[in-house]
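Please study the sequence and the 3D structure shown below.

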Amino acid sequence: MFRNRLCDSGIMEEQIHSLNLEDIDNEKYLNYRELYSYIKEKIHPTKMNYLFFDEIQMVDNFQRTIDSLQLIDNVDIYVTGSNAYLLSGEIATLLSGRYVEIQMYPLSFKEFSSILPSNINNETAYRTFIEYGAFPYITQLSNDSELIKDYLRGLYNTIVLKDVIYRKKISDVVILENIVKFLSDNIGNTSAIKRISDTLTSAGRKTSSHTVESYISALIASYIFYPVSRYDVKGTQLLKTGQKYYLADIGLRNIILGSKGGDLGHILENIIFLELLRRVKEVYIGKVGTLEIDFIAIDGNTKSYYQVALSVRDEKTLQRELAPLQAINDSYPKYLITLDNDPIISHNGINQIYALDWLLNE
């Protein structure tokens with residue numbers, strides 16, 4: 001898509017050089033010296049050159065090629081790599097910080113909705129979104145629920161087996177799968193390492209906190225789960241305890257746990273979290289006194305606060321959800337996001353917003 005965009009903007013095809021290194025036709029370039037020589041000969045001497053290397057990890061010592069090409073002034077380099085072979089921490093080591101990482105997420109609700117037929121309303125689109133998830137290929141599977149489930153099972157097994165078990169040389173696969181199920185079942189809940197270890201041990205799978213911590217780190221490195229730290233609003237500092245975990249895609253959760261139904265509030269919270277990741281630099285869960293704020297979004301010097309609830313039409317629930325936001329003394333924006341399809345309501349400066357409206361607007 002980016003290469004097409006370059007061409008549409010007037011970049012000549014001779015300035016764009018692309019190689020898929022999984023293609024057997026390109027096998028001779030899996031040697032880093034051969035790859036460098038091939039690309040060097042193709043570089044236009046007086047114009048900017050755009051270089052695209054897909055599955056760069058197939059090349060032994062690929063960083064030698066990339067580092068050498070970066071010495072040339074008129075090149076702009078893009079590389080992709082599978083998580084199974086090349087995780088972000090390893091890229092940082094190999095390229096010594098001389099890169100910009102572009103993180104990719106599954107489709108947002110806005111992107112997902114834009115692909116659906118125009119006669120499908122937002123509520124139906126949301127139900128589909130939380131049932132099937134948002135990996136782009138799902139939109140090509142003609143709404144065939146069994147085919148989509150098979151695809152998601154294959155995707156999950158590939159991530160766990162290739163990215164986590166293979167890369168981290170995990171010996172106890174059953175413990176790993178139990179940790180995945182626990183975290184998936186507890187999105188939006190505080191999940192201390194010791195609590196997870198104790199829960200598994202009481203269920204007959206004896207394990208240590210060290211093992212649990214190691215396995216969770218592997219799941220985070222493979223972008224299956226995202227950790228969220230707690231932020232003390234009054235003390236303006238990060239806290240070491242009370243971390244939460246959110247899943248990369250709700251469709252995967254349904255495969256991991258089965259379609260057991262319920263828990264729609266935490267599912268909405270997970271979706272709001274992923275959307276905040278797309279929009280701002282940093283996302284935390286917040287603490288103000290003894291009260292908890294679902295999310296604090298920090299973008300540069302600005303903050304915004306979010307409470308997420310399935311419904312607040314019950315007065316007691318409304319007051320409970322408003323309390324943490326009301327306890328904050330600063331003037332940054334505060335939002336209560338719900339699935340109540342009501343007009344925007346202001347509770348003394350706290351805007352209550354319909355979740356689907358918020359997801360569909362930037």
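**Exercise 1.** Which residues of the largest nonpolar core touch the most other members?

*Solution.* The model is predicted: local features need pLDDT of at least 70, side-chain atom pairs count only at pLDDT 80 or more, and totals for chains, interfaces and linings use all residues. Residues are numbered from 1 along each chain as its sequence is written, and side-chain values use heavy atoms, with hydrogens and water left out.

Step 1. A nonpolar core is a set of buried (under 20% relative accessible area, 1.4 Å probe, protein chains only) Ala, Val, Leu, Ile, Met, Phe, Trp, Tyr and Cys residues joined through side-chain atoms within 4.5 Å.

Step 2. Among the 68 residues of the largest core, those touching the most other members are Ile179, Leu183, Leu219, Ile272, Phe273 and Phe295.

**Exercise 2.** Which residues does Ile179 touch, not counting residues up to four places away in sequence?

*Solution.* With contact taken as heavy atoms within 4.5 Å, the partners of Ile179 are Leu200, Val212, Tyr215, Ile216 and Leu219.

**Exercise 3.** Where is Tyr137 placed, and is Tyr137 buried or partly exposed?

*Solution.* Step 1. Tyr137 lies in the loop between α6 (122-132) and α7 (145-168).

Step 1. Its relative accessible area is 45%. Partly exposed means between the buried limit and the exposed one, over 50%, so Tyr137 is partly exposed.

Step 2. The C-alpha atoms of Tyr137 and Pro106 are 9.9 Å apart, although 31 residues separate the two along the chain.

Terms used:
Helix = DSSP H or I, 4+ residues; strand = E, 2+ residues; numbered from the N terminus.
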